[in-house]
Amino acid sequence: EMARKSHLAVEAIAGLASIEDFKSINLKSHSLPLNTTYLPYKSPMLLHIKGRTHVQTRLVEPKYSSINTGDCFILITCDKLFRYVGEGANVIEKTRGQHICAYILENRDLGCVATRELVVLSGKSGVHDADFWEILQRPQDWDVVECGHADEDDLFEVTLTETNMVYEYRDEELHPIEEFWGCVPRIEMLTADRVLVFNFASELYVWNGKNADGDAKRAALRLTQEMFNGGYNYDACDVNPVEFSTLAGDRETHGEFVRSGHYPEWCLLARITQHMETVLFREKFLDWPDYTRNPLCQDYNVNGVSGIRAPDGHHLFHSGTYEEPNVVLENANLGRGHFYYDPDTMRHFDVLTDSVTMWQIQEYTFDTVDDASLGHFHADASYIVKWMYRISVTVRELSGNISNRSTVGRTRCAYFCWQGNASSANEKGAAALFTVELDKEKGSQVRVRQGQEDTAFIRLFGTMFIHRERTTNTWRLYIVSGSDARETVLTEVPCEMAQLRSRTCFILVHGEQGTMYIWRGCRATENTHTITQNAAEKVKVSKEFFATSTVVAKNELEGVESDEFFDAIGGKRREAYFSLLELGDEMDNFTPRLFHFSRTDGAFKAVELFSHLRSRDHATPYPFSQLDLYGARQPTIFLLDAGAKLWLWMGWWPKEESDSSDDSDNELVNRAGENRWLGERRAALTTALAYWKAKKESQRDEDESGNESDDEQGDAGNVVWGGFEPLEFTSHFPDWQLHPEVTEINKLDGRSEDLTSIEQYLSQITQREYPLETLLARPLPEGVDPTQLELYLSPDEFEEALGVTRSDFQELPLWKQTKLKKEMGLF
């Protein structure tokens, strides 16, 4: 009766009438994983790499007794990655270990967040040995087991493969797949509708295809758990694969060899979903692809030398579709931090800020920042910002108009942990700990690095200030960033002419004198100037800048500055920065584009970087920072589209640590890595030229006259090396600091500050032929593969040097080819 007279649904009335007490119910925290029982990794994990034909990578007991000097091992913890290289290991095992470590670092696989591998060499002492053996609990009086006999690798590879077991779940049972029983698995068995169980002795995996039935997945996991609880029995096999590491190497006694028993605690029972496989699982397969199926990312040969397929430059140029910044917190889209429109549901989300609280970290404690200093950050400190907000949802009516009614959701909370570039490691760690301690609301926790602030964070303050100094008795220079008055950032840079940029505005202040200069670059837009004026009004009344209440503001225009301005900034040296006074207006309304060339899952790709402060209506003159380049894992390559030309920035090859620099394995790995980077440089150069061609074609199509401009045939741009960046290049970044250590590394590698065009450098590293005397001299020309020097000889010189034709040489056995090359010094 009540339901018929009410506008509420029956279910709603029943809920309101309920008298049950739900206060005692504890919900799961959103910050915890939904299920951590069947993760495909543990800590620590010890991987044993052994074999010749199809190298076996197996999980073994993370204990000192598992190690021998004849194989390679990888020790993985949550934050460290060790690669142990046995002095008796073969080249294939060494290379396989290096590739696995590289994949773990690139993808943070197996739960490891290490930033570099730590090499431990058998027979040689190193700085990482103590940490490695401490994790494996090695006694001081224990000697590492020596390598075994010459045929050991082949024998273990065959016997381990024979113990592989594969099941398929169907009809409520696990059925053995005879075709793949006792052999190396192949990727063809991994179809999307299957649920498979792989038993690799110490590793049991339940593999779920993406289209498999949910009930089948759960049932297969239950049956596999029963199998795991039941233990193992390898009485019919030649070796117990669970404990095989205790047999490898030259061991005086193996003790009693147990072939059955319960799985030790270090063994792995894991659930894996299709396309989310770990590197440890992938290593078990004979034909797992090292590269994605994208044909533009697969390997190919350049003049007979292995190279890398270049990404499509034409597609890269036309892929720059603008997307509005969108901050996601608690699975809710917040847009730029104040509004978001969902076109699919036609709903408007307005973000309503209730309060903003800010704390500064003092290493062992934290202090609340007063309202007058809210939004002021120092580069040598860390801060915690608490944001209380609500989301108001409005829908559209059937007529298409926005409804007058809206629904305001619950109060939400987010904690931002802001870390300055110059803050200490202790403060950064303390900030993270205090963030957890302060988060009583269990809200979202976001780490924010200086220079990487998103729009939602900046909007909490309207204008954000980042200071380098804490004094007011000297001149301080601030660069203005942003295209919206509510998303403005003033970042302090060194007070010198070299920091000026023609496409934006600066504010120069002296706190004790009460003087402020507003400097406008000759190519700064009217919108940038307006934003700077608004920011200057806030600077005038801020106690962080001025110790006096009387402030005199003066406007300066690039090219007609006053002498007082030059005195304040350290002298009139126009040549110290790249001024656009004498250039055309092609840079007035242009946003640079930056692409990062890198390998992801083995594929060489170019990924575009976007600025958090980008705007659809206004150009962003300086959207990227030096940290984008120097903070990337080296060596790497970036392509900068600076409007009138391209810049291809090459990083540097990090130097090996002294404890492993003289190791032959590292020489092999470095040579392989350098050859791979050479291929990546070739591919990046090719992509850059294709990108430039597509850009010029687009400009010609937009030109109503249809005539090609004079610079249509000009160079695409230049190659620049880290540490040798010219002024014209650094002028595209808001701030640039010198790194002498990078300059020294590239200088030792033969790089210089001399600019080379992209076309010229590509021609140089893809040259087809060299005379014999050039190939015998050292150093070799850049781009030459030192392992295949004979490929660069002309047909006549090839026959003259080696005594056979190229075709006859290819038919010779490998040992004889090597002998001939050694005799001529080509090996």
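Burial here follows relative accessible area: buried is under 20%, exposed is over 50%, and partly exposed lies in between (1.4 Å probe, protein chains only). This is a predicted model, in which local features need pLDDT of at least 70 and side-chain atom pairs count only at pLDDT 80 or more, while totals for chains, interfaces and linings use all residues. Residues are numbered from 1 along each chain as its sequence is written, and side-chain values use heavy atoms, with hydrogens and water left out.

Stop 1: Select E330. E330 sits in the loop between β15 (328-329) and β16 (332-333); strands are DSSP runs of E, at least two residues, and helices are runs of H or I, at least four, numbered from the N terminus. Its phi is near 55°, positive in a residue other than glycine. E330 is partly exposed, at 26% relative accessible area. Now take N331, in the loop between β15 and β16. Phi of N331 is near 60°, again positive in a non-glycine residue. N331 is exposed, at 80%.

**Stop 2: the largest core.** Select I76, L81, F198, Y205 and F281. These have the most contacts inside the largest nonpolar core, which has 63 residues. A nonpolar core is a set of buried Ala, Val, Leu, Ile, Met, Phe, Trp, Tyr and Cys residues joined through side-chain atoms within 4.5 Å. Helix α6 (residues 214-229) gives the largest share of this core, six residues. At least three residues come from each of domain 1 (45-149) and domain 2 (155-284); the bounds come from an automatic or database domain assignment.

Centre on F281. Leaving out residues up to four places away in sequence, F281 touches F198, F200, Y205, W207, I272 and W288; contact means heavy atoms within 4.5 Å. Apart from this core lies another, of 31 residues, including A310, F317, W653 and A716.

**Stop 3: helix α17.** Select residues 758-765. The buried residues of α17 are I758, Y761, L762 and I765. They lie on the same side of α17 because they cover an arc of only 100° around the axis, taken from the directions from the helix axis to the C-beta atoms.

**Stop 4: two cis peptide bonds.** Select S43 and P44: a cis bond joins them, with omega about 0°. P44 is in the loop between α2 (10-17) and β1 (45-50). Next, Q634 and P635 are joined by a cis bond with omega about -5°. P635 lies in the loop between α13 (626-630) and β33 (637-641).

**Last stop: confidence.** Colour by pLDDT, the predictor's confidence in each residue, from 0 to 100. The mean is 83, and 87% of residues reach 70 or more. Residues 291-306 are below 50.
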